[in-house]
Amino acid sequence: MRSDPAGVGNPLRTDVMKFHIKTYGCQMNERDSNAAAALLERHGHAPADAEREADVVIVNTCSVRGKAEDKARGKLGLLIAGKTGRRGRLVGAMGCMAQRLGPAILEEVPGLDFAVGTHRLAALPFVLERAAAGRGPASDTAEDRPGRDKRRRHFRPGISAFVNILLGCNRACSYCVVPQVRGREWSRTVSNVVEEVRALAAAGVREVTLLGQSVMSYGRANAVCPDGCPSARGYTEPLPRLLEAVNAVAGIERIRFASGHPSGCAPELARAMAELPAVCEHLHLPLQSGCDRILAGMRRGYSAEDYRQAIRRLRAAVPGIAVTTDIIVGYPTETAEEFEQTRRFMDEIGFDNAFIFKYSPRPGTPAAEEADDAPAAEKRRRNQTLLDDQNRRNLAIHRALVGRQLEALVEGVSPRNERRWTGRTRTNKVVVFEPVPGLAPGSLVNVEIRQAWAQTLFGVVAGGAAKPESRHGSVA
Ligand code: SAH
Ligand code: SF4
Ligand code: F3S
């Protein structure tokens, strides 16, 4: 039975619509697009093979930087302009920009047929059907009720899936729009998460990434959904307990979780990472800056020394753990010398990979009240300097792996070269190899590394040693 959370009445048009979702932003948005596709399919609509064949195109938007919003606006503009040649096509927006702007998005993006915010994903089919019935542009972003959206269904999961464990964010980093658009923290219960992971494993998923903006806060904030959602009743435990429970799900070979925070890298978590066989030796631990004055201005809640200690603890427990990070350059008042501190600190830690962002003032954040004083050219220079440093570091780290055998989870044929296959190591590095008989997506193989580029490893399958039953017995 269909409920009608948007309160928009029965749709007039009930025929099957072919939909296509274009996703911008982070893994959480990817997860939401996947959930939206599952939801639309349950309401009788069908995925289009390609965007051009779609009756309805939905852009899942990101607000984290001005440029991310520009991209979404640009894409929406093109789609709306293209509607003249496509009678009856609908264009909609979902995600963080839709949440940030609220109903005003329908005025800011003329020609937009509908919008749903991050809190109201469950209303998507109704809002869409209302627009399809010709009842005018529709939006639903107002209520903060994550519980209405159980977000448990996946749309054709592959071998790897994202699972939300902690919605929202209670931190208040000075530059960040995410708490505005994703709301307060809310942890799903262990049993609720495990139920979803079991269903994924039964559908063939071998790797799950447990998602939360500050994922190590899992279980600390309100365990019960503020909306009284029945699926949220039960107990919520700290992250190490959840990792143990997910590790016990048959068929799940690999577990990752993102993003981390230095304050959460406690001995208990390091121990869980070391002892649970499915938990991968990889952590995404955003640093943002290596300078204490800037970190304090950003309200990140740690110093460079705290970060260093967190890494020491993890490396002592999990030798060879790969650490990746995020950095912001050109934060208000960051001097060239403070930028150099970040540079040196990155070298000291020896990150396996880094995403570098130019600071972008976001409306409604405390940092946006300060002057955005780094000239564009200087931000570009700092950005490029860190990218070049990281490239060199990547290459050195990867070259040291030549000759070693690494376990790869096979993803399938390489999108760049159909004669090759790709997979990922437990440390989250992309590895490309020649196929061998019997290879299938989802199998585990040992690959001997023969060549290293900054972003890719190349190798050969060693001894055809696929071992899908390595940790949990054979997979039903
Ligand atoms: N919750 C995650 C980050 C989510 S946003 C965490 O705190 O670890 C992903 C990254 O975007 C951040 O880590 C930060 O590096 C970058 N970012 C966020 N706001 C930004 C802004 N206003 N300007 C530039 N980069 C930003
Ligand atoms: Fe934003 Fe900070 Fe929360 Fe990450 S931890 S989402 S940067 S407020
Ligand atoms: Fe993610 Fe962008 Fe929203 S980073 S949480 S999609 S603002």
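**Figure 1. Helices H9 and H11 pack against each other.** Helix H9 (residues 267–275) and helix H11 (residues 304–317) meet at an angle of about 30 degrees, and their axes lie 9 Å apart. H9 is therefore roughly parallel to H11; angles under 35 degrees count as roughly parallel, over 145 as roughly antiparallel, 65 to 115 as roughly perpendicular and the rest as oblique. The crossing of H9 past H11 is right-handed. A crossing is right-handed if the near helix is turned clockwise from the far one by less than a right angle, and left-handed if anticlockwise. Axes are lines fitted to C-alpha atoms, for helices over the stretch in contact, with angles running from 0 to 180 degrees between N-to-C directions. Helices (H or I, at least four residues) and strands (E, at least two) are DSSP runs numbered from the N terminus.

This is a predicted model: local features need pLDDT of at least 70, side-chain atom pairs count only at pLDDT 80 or more, and totals for chains, interfaces and linings use all residues. Residues are numbered from 1 along each chain as its sequence is written, chains are lettered from A and ligands numbered from 1 in the order in which they are written, and side-chain values use heavy atoms, with hydrogens and water left out.

**Figure 2. Helices H7 and H8 cross at roughly 30 degrees.** Helix H7 spans residues 190–202 and helix H8 residues 239–247. Their axes come within 10 Å. H7 and H8 are therefore roughly parallel to each other. Their crossing is right-handed.

**Figure 3. Helices H1 and H5 pack at an angle of about 60 degrees.** The pair consists of helix H1 (residues 27–42) and helix H5 (residues 124–132). Their axes are 9 Å apart. H1 and H5 are therefore oblique to each other. H1 passes H5 in a right-handed crossing.

Figure 4. The residues around ligand 3 are Gly25, Cys26, Asn29, Cys62, Ser63, Val64, Cys96, Arg182 and Gln213. A residue is near a molecule or strand if one of its heavy atoms lies within 4 Å of it. Ala, Val, Leu, Ile, Met, Phe, Trp, Tyr, Cys and Pro count as nonpolar, Asp, Glu, Lys and Arg as charged, and the others, Gly among them, as polar. Cys96 is buried, at 8% relative accessible area. Buried means under 20% relative accessible area, exposed over 50%, and partly exposed in between (1.4 Å probe, protein chains only).

**Figure 5. Ligand 2 has its own shell of residues.** Cys169, Arg171, Cys173, Tyr175, Cys176, Val178, Pro179, Gln213 and Arg300 surround ligand 2. By class, six are nonpolar, one is polar and two are charged. Gln213 is listed around ligand 2 and also around ligand 3.

**Figure 6. Cysteines without disulfides.** The whole structure was searched, and zero disulfides were found. A disulfide is a pair of cysteine sulfur atoms within 2.5 Å. Cys265 is buried, with a relative accessible area of 0%.

**Figure 7. A cis peptide bond joins Ala258 and Ser259.** Its omega is about -5 degrees. Ser259 sits in the loop between strand E11 (254–258) and H9. Most residues other than glycine have a negative phi, and most peptide bonds are trans.

**Figure 8. Thr333 and Asn428 have positive phi values.** Phi of Thr333 is about 75 degrees. Thr333 is in the loop between strand E13 (322–329) and helix H12 (336–349). With 33% relative accessibility, Thr333 is partly exposed. Phi of Asn428 is near 70 degrees. Asn428 is in the loop between strand E16 (421–425) and strand E17 (430–433). Asn428 is partly exposed too, with a relative accessible area of 27%.

**Figure 9. Val56 and Gly92 are 7.5 Å apart in space, C-alpha to C-alpha.** In sequence, Val56 and Gly92 are 36 residues apart. Val56 belongs to strand E3 (residues 56–61). Val56 is buried, at 0% relative accessible area. Glu53 lies in the loop between strand E2 (46–47) and E3. Glu53 is partly exposed, at 34%.

**Figure 10. Asn383 and Lys358 are 6.6 Å apart, C-alpha to C-alpha.** Along the sequence, Asn383 and Lys358 are 25 residues apart. Asn383 lies in helix H13 (residues 376–399). Asn383 is buried, with 10% relative accessibility.
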